[in-house]
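Take a look at the protein below.

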Amino acid sequence: MFHLAILASLILPGNSVETARYVRLGGKQAEFECEITHTKTKTGTTINSVTGRGAGKLTLTARYDAEDNLLSADAMRIIAGEKATATVTVKDGKAIVKRQTNTETVDIAKGIIVTSAPDWTDIWLMCRRYDRAKGGKQTFPGLWIHPVENTGRWDFTIEKAGDDVIEHDGKKRTLDRFTVTIRNASQYVAWADDRGRLIKLVPKNTKMPYAIVLDGHETSSLQLIRP
């Protein structure tokens, strides 16, 4: 079982690698959904996400400098052995997104969140970045890339909606409950701890009964009910 935690300090002081593994609940048993790795060094940050659905897998990587400016990104989708890719280079404040079929150029902003589908980097990262002292609704720039579909440039929002208490490993823990809006105005409810670790997310649409849960929280997260 893998939990969201700092796995190791690298050779240089201040460097860290953090990995989170999530499962999908809603079927007969929990199934692997994704694994997100956040690597930080003195020169910048790399975020890598691998999402699996049946015979398909999507890998997304975004690289930032020490000031959180996007340097590059790429997405690769493999379905039944067929591979498709998208790559991002950055020049003069614009992202150049290249796929096998075409090239697009879009404006970007500092700290832009790169995401795709299927992928949960957007919600995972917003829970980490949310300023709890500031509170209220907060907006983050988002860049949606995909190996086949057209690029999207959205602003994502996250707003604290309340607190919920669960019992995990014999201890009571208070989690922040957020309402999150991502691409195409899709809304989710997400729970995160005081360190910004995403514990559970569910679609706000009650007709979609699945949940994405941090590995190891399959039982305790059942206490978290969609409002």
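The model is predicted. Start with the strands. Strand β6 covers residues 70-79, and strand β7 covers residues 82-91. β7 also pairs with strand β8, residues 94-99. The table sets out the two pairings.

| Strands | Sense | Bridges |
|---|---|---|
| β6 and β7 | antiparallel | eight bridges |
| β7 and β8 | antiparallel | six bridges |

Now zoom in on alanine 86. In β7, alanine 86 is the bridge partner of alanine 75. Alanine 86 also stands opposite arginine 99 in β8.

Next, the turns. β6 and β7 form a hairpin, with two residues between the strands. Alanine 80 sits in that turn and has a positive phi of about 50°. β7 and β8 form a hairpin as well, again with two residues between them. In this turn, aspartate 92 has a positive phi of about 55°.

On to the cysteines. A disulfide is a covalent bond between the sulfur atoms of two cysteines. How many disulfides does the structure hold? It holds zero. A disulfide needs the two sulfur atoms within 2.5 Å. Cysteine 127 is likewise in no disulfide, with the sulfur of cysteine 34 as its nearest cysteine sulfur.

Are these cysteines buried or exposed? Cysteine 34 is buried, at a relative accessible area of 0%. Cysteine 127 is buried too, with a relative accessible area of 0%.

Conventions:
Residues numbered from 1 in each chain as written. Predicted model: local features only at pLDDT ≥ 70, side-chain atom pairs only at ≥ 80, totals over all residues. Heavy atoms only, no water. Pairing = 2+ DSSP bridges. Helix = DSSP H or I, 4+ residues; strand = E, 2+ residues; numbered from the N terminus. Buried < 20%, exposed > 50% of the residue type's maximum accessible area, 1.4 Å probe, protein only.
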